[in-house]
Structures are given as structure tokens and as C-alpha cells.
Amino acid sequence: MSILRAVWLALCSLLCSLAIAQSTAETFLPATIPLSIRSPFMNVWQQSLKGLDGFSGSSAYSYAVLSETMGWAGMIRVDNQTYAWMGGNFYTPPLSANVTDVRITPTRTIFVVQAGPMNVTVTFLSPIEPSDWVLQSLPFSYVSVEATALDGQPHEVQVYSDISAEWLSGDRSNLVHWSQQSTSNSIYHEIQLQSPQQGVEINHQAQDGVSYYGMAIRPGMSWQIDIDGIARAQFHDYGALTNTSWAAIAPIVPNCPVFAIAVDLGSNVRSFEAVTWAVGYVRNPSVSYTNPNGNVQQLRPYFVTRYGIDNIREAIDDWTTSFSDIQARAIALDAVLVGNASEVSSHYADLISLVARQTLGSLEITVSTDSMGQPNASDVRIFMKDAGTSTATERVNPVERIYAALPALLYFNASLVGPLLAPLLDAQDNLTNTPYAASDLGPAYPNATGVTNNPEQGLEETSNMLILLYAHARFSGDGSLLSAHYNLMKRWTNYLVSEALTPSNQLDADNQSNTNMTNLAIKGIIGVKAMAEISRVLGQDADAQLYGSNAAALVNMWQPLASSSDSQHILGVYGDQGSWALMYNIYADILLGTNIVNETLLKSQTAFYSTLFNSDVFRSNGIPLDNGIGNITSSAWQLFTAATVHDNGVRDTLIDGVWTMANGDAISGPFPDVYDASTGGDTSGNAG
């Protein structure tokens with residue numbers, strides 16, 4: 001299996017915390033659908049209410065960041081009849097625009113609805129721009145509407161959309177204030193809390209951001225800031241807004257202020273091209289970072305390197321006027337992603353389409369500022385939030401989640417990995433009394449307060465870090481981290497040489513703590529081999545030979561310990577003939593080309609998985625991680641496992657289990673990593 005193919009097959013392995021196969025509502029309709037996914041705190045999904053009303057009308061739309069509803073409404077008025085294509089809470093209820101199709105691509109979610117005589121296409125676009133860090137770090141997305149008359153006749157048409165003050169806080173009693181802004185190219189609403197709290201999160205929503213809703217200037221525009229029912233009724237009755245603002249400050253509830261923009265397209269409309277709103281949620285600074293000297297730095301979003309610390313107006317102008325170009329790049333990216341994923345299977349393409357935005361949306365790209373407050377474009381750090389489910393711990397740069405997201409990051413841009421690892425490395429260079437790697441940079445994103453050292457996770461995280469470092473250098477061509485932190489990596493590798501073969505009092509990525517877990521042991525041995533390759537690349541020949549010999553000796557001892565008595569499969573725990581596990585950590589051996597696990601063993605393990613699929617172990621939504629974990633499984637680890645097998649039927653069965661979960665109706669939030677293989681529902685486990 002080629003390295004690129006291995007990277008692709010595990011692309012769904014996201015933090016989860018982590019096309020167009022033209023998936024339709026009839027074939028692939030997840031219970032929760034991505035709408036605006038641009039940062040850890042701009043992460044808006046739709047509960048599709050699949051199975052309740054057949055997705056037959058606009059009442060099916062409910063927008064949420066995990067557990068919190070986000071007010072977001074849309075209407076179209078055709079010949080004085082008003083139809084809702086998004087949202088609820090209308091004082092004057094509009095007619096329902098019936099949803100006829102739903103398609104999900106890596107960057108877009110597309111709804112096709114019928115509003116009287118008009119066939120309406122609503123597109124939510126969350127661009128993925130991994131090679132342009134200014135655009136990738138700018139937390140804005142789009143919603144656009146276009147339509148064609150089904151009867152071919154001219155019609156009078158107006159369109160409308162708003163967001164509510166619910167975007168600002170998980171505490172709905174908080175006061176918000178706002179303003180309406182105009183530039184030469186755009187108009188936009190700016191909304192923020194009266195008393196923001198930096199670095200504080202309530203019900204999965206940050207308390208220190210500013211929301212924006214805007215549009216490039218065009219004929220027929222009108223706007224209004226008002227109580228939700230009043231603004232929406234104004235459009236419902238008259239097809240235009242008042243260009244006025246109600247008050248200037250109010251609590252989020254009970255009045256629920258909304259920030260609306262409408263466009264009158266005229267009375268002779270047979271079709272119209274995209275009317276596009278830009279929506280953003282900006283936090284500046286992004287991350288509070290405690291550096292190794294104990295000093296706290298307020299790190300800024302990377303886009304300030306182009307626009308400056310306080311010039312959001314220019315950024316919004318560029319965003320609102322660049323929709324056509326950004327959409328064209330998104331469509332091209334979708335085609336490439338889906339084309340590659342479809343070489344594996346159509347179900348795999350569906351999964352890629354669902355999770356691509358989620359993976360990149362877990363990251364914030366930041367820069368420091370100099371003594372004059374100017375951004376330093378050469379000092380880049382990237383931070384990941386552990387936000388895969390409603391039970392996520394909100395950890396900062398969780399190492400095992402970065403490891404799970406590694407294939408996607410390598411595919412999009414391997415250079416993203418280095419700035420993710422750099423703050424973890426910087427914090428540990430001088431911890432000479434700690435032989436193993438830390439698990440994260442703190443428990444409460446966005447406050448990167450310092451490393452968490454847990455000896456019970458020593459094997460897991462140390463192995464992860466060495467694999468991540470070698471993968472970054474190998475795929476990006478950048479060996480600067482290896483040179484800068486070589487002594488730290490040697491310290492870690494010596495720990496693995498001593499401890500990897502017989503894990504004891506150790507937790508793996510699934511929070512399992514059995515003594516002598518084969519899957520954890522092989523990850524440690526792969527980590528040693530990765531260090532041998534790092535040493536070779538850096539010209540440290542003696543170390544390369546030493547660690548290469550160590551890895552060879554360890555794997556030669558591991559294989560007989562790990563093998564079943566009939567040598568037909570790998571045990572989950574040494575000596576326990578009734579044990580088994582998904583050997584997902586072998587994926588790193590394939591990805592890195594270290595090749596310490598022999599092909600004969602992989603082929604027999606593939607055959608063993610096939611027997612599991614034909615036993616009562618297999619569940620409708622996949623296969624459990626091992627024989628002792630109950631029904632708990634991981635989307636990431638099943639897909640890692642799929643990248644290790646030697647039979648396409650076995651590979652596809654592993655993929656199909658994850659697809660069945662994703663296409664079910666048991667998930668209550670974003671696409672999860674950990675779930676119940678029997679029900680397909682959420683679980684509080686921590687696998688992956």
C-alpha cells in the first residue's frame with residue numbers, strides 16, 4: 001500500500017475530538033450536518049431531525065454549537081408569498097419551503113428546496129484553505145441562495161437572512177451591544193457582549209468574541225436590527241427592511257435581537273445568481289499562552305499579519321467580495337478530495353465529505369506580537385481544541401487527538417503539524433527529570449497554561465510525539481524541530497526502549513490499562529524506530545544504529561509475545577488466548593515506512609478480522625476496539641485499522657461500519673470519534 005494511499009485511507013481519523021460523491025438525502029443524511037465550521041468556537045451544525053419529519057420542511061432546521069441553539073433564519077418571498085428556507089421563531093409564520101435534496105461536500109452543505117414556483121439552492125460554504133494561513137485563520141463562512149423558476153415565468157422575488165444574539169454567549173441573560181457598519185464595498189452588523197470575559201467558555205461558547213453578518217453592496221439591499229419577530233415580520237409583510245436599528249443594547253433573551261440583511265431582486269425574475277451573506281465569529285486574541293519562562297502571551301489570529309490587529313473592516317471587505325473566487329477553489333478542492341476518496345469507496349467519500357471541515361475547524365493558527373504590538377509572522381503556533389463531543393474535556397493540543405488527526409493534516413498541508421507540536425516541545429525541553437512526553441498544554445482551551453504530565457500516559461504520548469515529529473519532517477521536508485529538540489527526543493526514546501515492550505500501569509488512547517497490551521507496545525516500538533530514522537536524517541549515525549538495533553530487538557521479542565498460540569492473529573494482551581484488539585497503531589508503521597511489522601503477520605491479522613466480522617462480535621455500526629471494552633469503538637481507530645489490512649473487503653467492512661453510524665440518527669452532536677458500535681450513539685468514552 002503506497003504512503004499516499006495510507007494517508008488517504010485514514011483521512012477521516014480526526015481529533016473528534018477528528019466531495020462530491022453527490023450524497024443525497026436518500027443515501028447519506030447524517031443526524032447532524034455541518035454548516036459553518038471555521039474555528040473551535042465557530043462550529044455550527046444542524047440537527048436534521050432525521051426520521052421525525054422526513055426533512056420535509058424548514059421546521060427541521062435547528063442550528064447548534066453542540067448543545068446550544070444558534071439563531072439563524074432565512075426566507076424567500078415570491079409574488080408576495082413568504083417561505084422559510086431556514087430557522088424558526090417567526091411571529092408571522094411563513095410557508096414552508098420543502099427540502100428536496102441535501103448534499104454534503106468537504107467544504108459545502110447544499111440544500112435544494114422548493115418555495116412555491118421557485119427551485120432554491122442554499123449553500124453553506126466553509127472554505128478549507130490549508131496553504132493560505134491568512135484565509136484559513138479568518139473565521140468567516142458563507143451562506144448563499146440562488147433560484148430558478150420551475151414554470152419559466154417571471155416572478156417578484158426578495159430574499160432575507162439574519163443571525164441572532166445567541167451567537168455571542170452560552171449564558172442567554174448576558175447583555176449584548178451592536179452597531180451597523182458600512183464600507184465602500186460592504187455592509188455588516190457587528191455584535192459583541194457588553195462585558196466579555198477573555199478565555200471563558202459557557203456551554204461550549206466563548207465569551208470573548210465578536211459576531212459579524214455582512215454582504216457585499218449590491219442593488220436592492222436593506223437591513224434591520226430588531227427583535228426577532230419584528231424584523232422577520234417586516235420582511236414577511238413587505239419584502240424589505242427598514243434600515244434602522246432598535247436600541248443599542250439588550251439581553252440575548254427574552255427579546256432575542258436579530259441582525260438582518262435582505263435583497264429585493266425585482267419583479268421580473270426567472271432565475272438569479274447567488275445572493276451571499278458572510279458570517280463570522282472573531283476572537284482576538286485567540287489563545288492565552290504561557291511560555292516556558294512562565295510569561296503569558298496573548299496570541300493573535302494569523303490573519304492579523306495581513307490586516308493588522310484592529311483592521312477587521314478590510315478583512316470583511318475582502319471576504320464579502322471574494323465569494324466567487326473562494327467558492328471556485330472550494331469546488332476544485334471538493335473534486336480532488338472526493339476523487340481520491342472514491343478510489344477507496346463511495347462510503348469513504350461520504351465520510352471525507354462530512355469530516356473535512358471538522359478537522360481543520362478544530363485549529364487556530366496564531367502569531368505573537370512584538371514589543372510595539374505588531375504581529376510577528378515568523379512566530380507561528382497552532383492550537384487544537386479537544387471538542388469532538390459534548391463530553392469533550394476542552395484540552396489544549398491533546399497529543400493523542402493530534403495523532404488521530406495526523407493523516408488529514410498531512411494530506412492538507414504537512415506544514416500545519418510543526419506549529420502544533422512546537423509549543424509542546426518548547427515546554428518540555430528543560431523538564432529533564434521527566435523521561436516521557438506530556439499529554440497536552442492544559443485542560444481549558446483557549447488557555448494554554450502548560451503541559452500536563454501523566455506517568456500513566458507516558459508510553460502512549462511519548463510514542464505519539466516521536467511518530468508525529470518524524471511524520472512532520474518526512475512529509476513537509478522541514479527538519480528544524482528535529483534539530484532544535486534532538487536531546488528531548490533522545491530522552492523520550494530511551495524511555496521507550498526501557499518501557500515499551502511490557503507496558504505496565506499504562507493507559508492507552510482508549511483509556512484501557514491492561515498490563516502487556518500488544519497494541520500499545522507496538523506503538524512504542526514504532527516510536528523507537530522513528531527515532532532511528534530521525535537520527536539517520538540528522539547525521540547522528542551512532543544513535544541511528546543504536547535505536548535501529550533497539551527497535552529490531554524489541555519487535556523480535558514482541559512478535560512471539562503478541563501472537564496467538566496458532567500464530568493466526570495478534571492477541572490483545574500477551575498470553576491471553578481469548579483476547580484480541582483492532583491493531584490500529586500498526587498504521588504508523590505503514591505511514592512512516594518503518595516496516596518493522598512483517599507482511600505475513602499483517603495478512604493473518606486481516607484474515608482474523610474477517611472472522612470477527614462473521615461472528616457475534618461485529619455490530620451494525622462497526623466493531624468494538626477490543627474484546628474487553630464492551631461496545632465502545634472509535635471512528636478514527638477503525639479507519640486506521642482499515643489502512644493496515646490486505647483485503648479490500650475487510651477494509652470496506654471497517655469503513656462501512658463508521659459510515660452506518662454517521663448515516664444513522666443516534667448521534668446528537670458533531671461527527672464523533674467515540675461511539676457505541678451497537679447503537680451508533682454517543683458514549684462518554686475517550687477512545688481516539
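**View 1. Arg 300 faces Val 367 where strands S24 and S25 meet.** Let's start here: Arg 300 stands opposite Val 367 in S25. Two bridges join S24 to S25, and these strands run antiparallel. Strands pair when DSSP finds at least two bridges between them. As for the names, helices (H or I, at least four residues) and strands (E, at least two) are DSSP runs, numbered from the N terminus. Keep in mind that this is a predicted model, where local features need pLDDT of at least 70 and side-chain atom pairs count only at pLDDT 80 or more, while totals for chains, interfaces and linings use all residues. Residues are numbered from 1 along each chain as its sequence is written, and side-chain values use heavy atoms, with hydrogens and water left out.

**View 2. S23 and S24 make a hairpin.** Thr 290 sits opposite Val 296 in S24. Five residues lie between the strands, and Gly 294 takes a positive phi near 90° in this hairpin.

**View 3. Nine strands line up in an open sheet.** The order is S8-S9-S10-S11-S22-S17-S14-S13-S20, with antiparallel pairing. At the edges are strand S8 (98-104) and strand S20 (249-251), each pairing on one side only. On average, neighbouring strands of this sheet are turned by 20° against each other, direction ignored. Zoom in on S8 and you'll find six bridges to strand S9 (residues 108-115), which runs antiparallel to S8. Asn 98 has Gln 114 as its bridge partner in S9.

View 4. Axes are lines fitted to C-alpha atoms, for helices over the stretch in contact, and angles run from 0 to 180 degrees between N-to-C directions.

View 5. S18 (residues 221-227) and S21 (residues 257-269) run antiparallel, joined by seven bridges; Met 221 stands opposite Val 263 in S21.

**View 6. The largest pocket holds about 380 Å³ of space.** Of the 21 residues lining the largest pocket, Gln 192, Asp 208, Val 210, Val 282 and Asn 284 are the closest to its centre. A pocket, on a 1 Å grid over the protein atoms alone, is an open set of points with protein on both sides within 12 Å along at least five of seven lines, and lining residues have an atom within 4 Å of a point. S14 brings the largest share of the lining, three residues.

**View 7. The largest cavity holds about 180 Å³ of space.** Arg 38, Ser 39, Ser 137, Leu 363 and Glu 364 are the closest to its centre among the 16 lining residues. A cavity is a set of grid points where a 1.4 Å probe fits but cannot get out. Its volume is the space filled by probe spheres set on the points, which are joined across faces, edges and corners. S25 gives the most to this lining, with three residues.
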